Amino acid sequence: MAEYLILICEDENAYATATPDVLGQVMEAHNRFAKQVEETGGKIVSGRALQPTSTATSIRGDVVTDGPFAETKEALGGFYLVEARDLDHALEIGKLCPARFGGVEVRPIMVFDSM
Amino acid sequence: MTSSPAGGPPDDPGPSTGSGAGTDRLDAAGAVADAHRREWAFVLAATARVAGDLDLAEECVQDAYVSALEAWSQQGVPRNPGAWLTTTARRRAIDLLRRDTTLRRKLPLLVEPAAATPPPAGQLAAEEGSGVIPDDRLRLIFTCCHPALAREAQVALTLRLVCGLSTAEIARAFLVPEPTMAARVTRAKKKISAARIAYRVPGAAELPDRLDAVLTVVHLLYTTGHTAPDGGSLVRDDLVDRAIRLARMLHQLMPDEPEARGLLALLLLTDARRATRCAPDGRLLLLDEQDRTLWDRPAIDEGTALVREALRGGRPGRFAIQAAIAALHAQAPSYADTDWRQILLLYDLLGRAWTSPVVTLNRAVALAMADGPEAGLAEIGELERGGRLAGYRYLPAAKADLLRRLGRRDEAAQAYRAALELTGNEAERSFLTHRLAEVTAVQPGS
């Protein structure tokens with residue numbers, strides 16, 4: 001098994017204006033996702049949701065600035081670290097991952113040689 | 001899937017085509033070149049599984065071809081050159097892996113069932129002894145055309161790994177600087193190992209989509225060669241021949257896939273016209289101007305037979321339908337006497353199997369032949385307003401032709417100029433310039 005990070009990139013504004021009903025559905029979808037991953041034979045190692053980019057602080061060198069690195073319509077809003085057999089399996093999991101206001105990016109975790 | 005090369009391992013070259021003590025070096029060189037063309041994919045695919053790394057596998061296969069020249073000059077060409085080369089390349093890979101621990105630490109190519117370490121010598125010897133080396137060519141091509149790789153990377157990897165072309169050759173074929181192409185190939189190979197794209201043939205559920213990607217790459221290779229995007233000659237024979245060879249290989253390896261059969265049929269039927277597509281001065285000749293007696297009849301017969309079988313299963317896919325259209329053209333005694341009604345029906349079928357504005361444009365041309373230029377022009381006008389074919393050179397070219405046939409010369413001239421602005425191929429430019437001169441010439445009595 002190998003590890004992949006699933007980055008959830010969505011339109012934050014859509015969340016800010018969503019009704020409690022919609023937010024409830026999103027939560028439900030994420031709870032369901034955990035079960036679905038297990039059914040594929042994969043495993044969620046960890047997962048977190050992030051506060052919106054309005055709370056971000058960027059640092060480059062010594063310069064500290066308010067806001068994210070890049071202002072984009074769809075921003076990183078959460079992630080899952082998962083275990084999968086190969087990229088096809090990771091993509092299968094990625095397709096199940098809820099992201100109704102955007103999409104997800106699947107990145108393999110780098111493995112370093114044990115010297 | 002396995003195949004059983006008939007020849008023995010290198011220690012036992014068996015009866016050879018060479019006579020007595022050795023083969024002429026020239027014969028050996030010819031046999032090596034031939035084996036490069038025919039066997040590269042088989043040898044590399046089987047070696048990659050053992051090497052666990054595409055770069056290492058390529059290096060070992062190159063070495064095997066180099067040593068073949070020497071060995072075959074002295075001992076004669078083995079009965080099964082592919083098996084000889086595979087055995088030599090795989091032994092070299094195992095040798096290097098045993099000696100070099102840093103090679104072993106690389107992320108191994110993901111082969112199922114999992115083989116994290118090189119197979120024990122015993123297993124390899126057993127495979128060689130039985131004369132059965134696993135045929136991994138499908139694994140190789142499905143890996144090269146994995147949807148997680150960009151289309152241009154899929155094309156480059158297929159040419160490099162499945163066809164054995166050098167980076168310089170691929171760069172030339174696609175008019176890209178060599179360092180750019182080298183970077184593209186390196187990046188794609190890195191992604192295969194870092195993201196762990198598995199070295200396997202997809203399962204039944206994914207197969208239709210994945211096969212479509214593979215066939216699309218082969219078709220793209222063909223069309224790039226069929227009308228080179230730029231430059232002096234209309235056709236790049238090398239690319240066209242590679243594409244047909246790949247299509248044939250896929251059909252042989254997946255004989256039950258109607259779309260693999262359909263693609264081979266389409267390429268054979270289209271390519272049957274190759275010799276007649278240009279006038280002696282290099283100018284493009286359209287279907288209605290081509291000398292049909294010079295079309296390649298054996299290729300047409302083979303393609304037509306394949307189409308019939310591909311259509312038999314019902315619900316034909318896009319390649320089979322396009323092949324059926326090409327077959328109707330190939331069988332027609334002349335352009336005017338083509339079964340345009342039937343072609344129109346096939347385009348309707350194609351439009352349902354594959355939504356593409358290019359299909360709509362081709363249908364409009366067929367419609368113009370069946371119902372007159374105005375009908376075709378109306379459809380092209382609608383396409384133009386939709387804007388999805390903006391920048392596609394064959395739209396203004398088709399429009400210009402219909403306007404010309406209607407005698408609307410000023411509008412035709414305008415469309416020919418628009419087409420010329422989008423066209424880089426010399427043969428096509430020469431054709432359009434010729435037509436433009438015709439419609440702008442002063443008419444007698446005007």
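## Basis of the description

A residue is called buried if 20 or more other C-beta atoms lie within 10 Å of its own C-beta, exposed if 12 or fewer do, and partly exposed in between, with C-beta atoms placed from the backbone. By that criterion helix α18 of chain B is mostly covered, ten of its twelve residues being buried; helices (H or I, at least four residues) and strands (E, at least two) are DSSP runs numbered from the N terminus.

The model is a predicted one, in which local features need pLDDT of at least 70 and side-chain atom pairs count only at pLDDT 80 or more, whereas totals for chains, interfaces and linings use all residues. Residues are numbered from 1 along each chain as its sequence is written, while chains are lettered from A and ligands numbered from 1 in the order in which they are written.

## Chain A and its sheet

Chain A has three helices and six strands, which follow one another along the sequence in the pattern β-α-α-β-β-β-β-α-β. Taken along the principal axes, its C-alpha atoms fill a box of roughly 50 × 40 × 20 Å, and buried residues make up 23% of the 115 residues in the chain. Where two residues are in contact if their C-beta atoms, placed from the backbone, lie within 7 Å, residues 24 or more positions apart account for 80% of the contacts in chain A with a separation of 6 or more.

Four strands of chain A form an open sheet in the order β2-β5-β1-β6, with antiparallel pairing; two strands pair if DSSP finds at least two bridges between them. Since β2 (43-49) and β6 (102-108) of chain A stand at the edges with a single partner strand each, one side of each is left without a neighbour in the sheet. Neighbouring strands of this sheet are turned by 20° against each other on average, direction ignored. Strand β1 (residues 2-11) of chain A is joined to β6(A) by seven bridges in an antiparallel arrangement, with L7(A) having E105(A) as its bridge partner in β6(A). With strand β5 (residues 74-84) of chain A, β1(A) pairs in the antiparallel sense over ten bridges, and here the bridge partner of E3(A) is E83(A).

## Helices α1 and α6 of chain B

Helix α1 (residues 25-51) of chain B packs with α6(B) at an angle of about 85°, their axes lying 8 Å apart; axes are lines fitted to C-alpha atoms, for helices over the stretch in contact, and angles run from 0 to 180 degrees between N-to-C directions. That angle makes α1(B) roughly perpendicular to α6(B), a description that covers 65 to 115 degrees, whereas angles under 35 degrees count as roughly parallel, over 145 as roughly antiparallel and the rest as oblique.

On the α1(B) side the contact involves A41(B), F42(B), L44(B), A45(B) and A48(B), which meet R137(B), R139(B) and L140(B) in α6(B). The residues of this contact divide into six nonpolar, no polar and two charged, where Ala, Val, Leu, Ile, Met, Phe, Trp, Tyr, Cys and Pro count as nonpolar, Asp, Glu, Lys and Arg as charged, and the others, Gly among them, as polar.

At 1.5 Å a residue, the 20 residues of helix α10 (residues 207-226) of chain B should span 28 Å, and the end C-alpha atoms are 28 Å apart, which agrees; the expected span is 1.5 Å times one less than the number of residues. The buried residues of α10(B) include L211(B), V214(B), H219(B) and Y222(B), and the buried residues of this helix pack against α6 (137-144), α7 (151-162), α11 (237-253), α12 (258-271) and α14 (318-331) of chain B.

For helix α18 (residues 394-405) of chain B, the twelve residues should span 16 Å at 1.5 Å a residue, in agreement with end C-alpha atoms that are 16 Å apart. Its buried residues, among them K399(B), D401(B) and R404(B), pack against α16 (357-371), α17 (373-386), α19 (409-421) and α20 (426-440) of chain B. Just after α18(B), G407(B) takes a positive phi of about 80°.

## The loop residue D339(B)

D339(B) is placed in the loop between α14 and α15 (340-353) of chain B, and with 14 C-beta neighbours inside 10 Å it counts as partly exposed. Not counting residues up to four places away in sequence, D339(B) touches L328(B) and A332(B).
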